[in-house]
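The paragraphs below go through one protein chain, from its overall make-up to single side-chain pairs. Please keep the sequence and the model in view while reading.

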Amino acid sequence: MGKKNYYCEYCQKSFKDILGIRKNHLKGLQHQKAVSEHYAKFKDLKEIFLEESRKKTCKRIFEGLECKFGTQCRFSHYTPGQLAEMKHKIAEMEASKKPRSEVVDMKGIEKFLNKTRERILRDLCTTNKPFWTYPFDLVEGLDLPPSLQPLEPSLLSEKFEEWG
C-alpha cells in the first residue's frame with residue numbers, strides 16, 4: 001500500500017504524507033505566508049488599522065512596486081491617506097452603534113407582572129376553573145396524595161395569610 005497524499009489548503013499543494021515532509025512544509029516560509037494571508041482576510045477593520053498605523057510605509061509600495069513579503073511585511077502597505085480614511089470609517093461605525101442601556105426599568109417589569117397577575121386572577125374568578133388541566137385518564141382510579149390531586153377552583157379564590 002502506498003502512502004496517501006497530504007493536501008495543504010493554504011498553499012494548494014499536495015505531497016506524500018510523510019511526517020518529516022509535512023513538518024518541513026508547515027515550517028516553511030511559503031506556507032506561513034499563505035496562512036497569514038488567509039487569516040488576514042477575516043481581520044476586523046479596527047484591528048487592521050491598529051496594526052498598520054504602528055508601521056512605517058513600505059518603500060517598495062511607495063515606489064509603486066510589488067512587495068515580495070505580502071502580509072508578512074514589517075512595513076505598512078497603506079498610504080497615510082488610506083489610513084486616515086480607515087480611521088474615519090471606524091469612527092463612523094462606532095458612532096452608529098447604539099449605546100446599550102445598562103439600567104433595567106424595574107417599574108416597567110413590576111407593572112407588567114402586576115397586570116399579568118391581575119389577568120390570571122380575574123380569569124380564574126370568572127371561569128371558576130384553573131388555567132391548567134389534568135389528564136383525567138391518569139387521575140381517575142389512582143389514589144393520589146393530596147398534593148397531586150386536582151385543585152378545586154373555590155380554594156383558589158381564598159387569600160391565604162399563612163400556610164400550614
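Predicted model: local features only at pLDDT ≥ 70, side-chain atom pairs only at ≥ 80, totals over all residues.

Two residues are in contact here when heavy atoms of theirs lie within 4.5 Å. With that cut-off, and leaving out residues up to four places away in sequence, Ser-76 touches Glu-52, Lys-55, Lys-56, Thr-57 and Cys-58.

The chain has 8 helices and 2 strands. Read from the N terminus, the order of the elements is β-β-α-α-α-α-α-α-α-α. Of its 164 residues, 12% count as buried. Taking contacts between residues at least 6 apart in sequence, 37% join residues at least 24 apart.

Begin with the strands. Strand β1 covers residues 5-8 and strand β2 residues 13-16; the two run antiparallel and are joined by 4 bridges. Within this pairing, Tyr-7 of the chain stands opposite Ser-14 in β2. The two strands form a hairpin, with 4 residues between them. Gln-12 lies in the loop that links β1 and β2, and its phi is near 55°, a positive value in a residue other than glycine. Most residues other than glycine have a negative phi. Is Gln-12 buried or exposed? Gln-12 counts as exposed, because its relative accessibility is 56%.

Tyr-6 and Phe-15 make up a tilted pair, with 5.4 Å centre to centre and 45° between the planes. Tyr-6 has a relative accessible area of 24% and is therefore partly exposed, whereas Phe-15, at 16%, counts as buried. Another tilted pair is formed by Tyr-10 and Tyr-39, at 6.2 Å centre to centre and again with 45° between the planes. Tyr-10 lies in the loop between β1 and β2 and Tyr-39 in helix α2 (residues 29-40), so this pair ties together parts that are 29 residues apart in sequence. Tyr-10 is partly exposed, with a relative accessible area of 31%, and Tyr-39 is partly exposed at 46%.

Helix α2 also holds His-38, which is partly exposed because its relative accessible area is 28%. The C-alpha atoms of His-38 and Thr-71 are separated by 9.6 Å, although these residues are 33 apart along the chain.

Now return to Ser-76. Its place is in the loop between α4 (59-62) and α5 (80-96). Why does Ser-76 count as buried? The reason is that its relative accessibility is 0%. Glu-52 is itself buried, with a relative accessible area of 11%. Seen from its own side, Glu-52 touches Phe-75, Ser-76, His-77, Tyr-78 and Leu-83, again not counting residues up to four places away in sequence. Glu-52 also forms a salt bridge with Lys-55, the closest N and O atoms being 3.5 Å apart. Lys-55 is partly exposed, with a relative accessible area of 26%.

That leads to the charged pairs. Side chains of opposite charge can pair when their charged atoms come close. The count of salt bridges comes to 5. Among them is the one between Arg-22 and Asp-17, at 2.8 Å from N to O. Arg-22 counts as partly exposed at 26% relative accessibility, and Asp-17 is partly exposed with a relative accessible area of 26%. Another salt bridge joins the side chains of Glu-85 and Lys-89, at 3.7 Å from N to O. These two residues are 4 apart in helix α5, so about one helical turn separates them. Glu-85 is partly exposed at 47%, and Lys-89 is partly exposed at 41%.

The last stop is on the surface. Which residues form a nonpolar patch there? They are Met-106, Ile-109, Phe-112 and Leu-113, which together have about 390 Å² of accessible area. Leu-113 lies in helix α6 (residues 106-127). With a relative accessibility of 42%, Leu-113 counts as partly exposed.

Technical notes. Residues numbered from 1 in each chain as written. Heavy atoms only, no water. Pairing = 2+ DSSP bridges. Patch = residues over 30% accessible without salt bridge, like charges linked within 9 Å, V, L, I, M, F, W, Y side chains within 5 Å. Areas by Shrake-Rupley, 256 points an atom, 1.4 Å probe, with all protein chains shown as cover. Salt bridge = Lys/Arg side-chain N within 4 Å of Asp/Glu carboxyl O. Buried < 20%, exposed > 50% of the residue type's maximum accessible area, 1.4 Å probe, protein only. Phe/Tyr/Trp six-rings, centres within 6.5 Å; stacked < 30°, edge-to-face > 60°.
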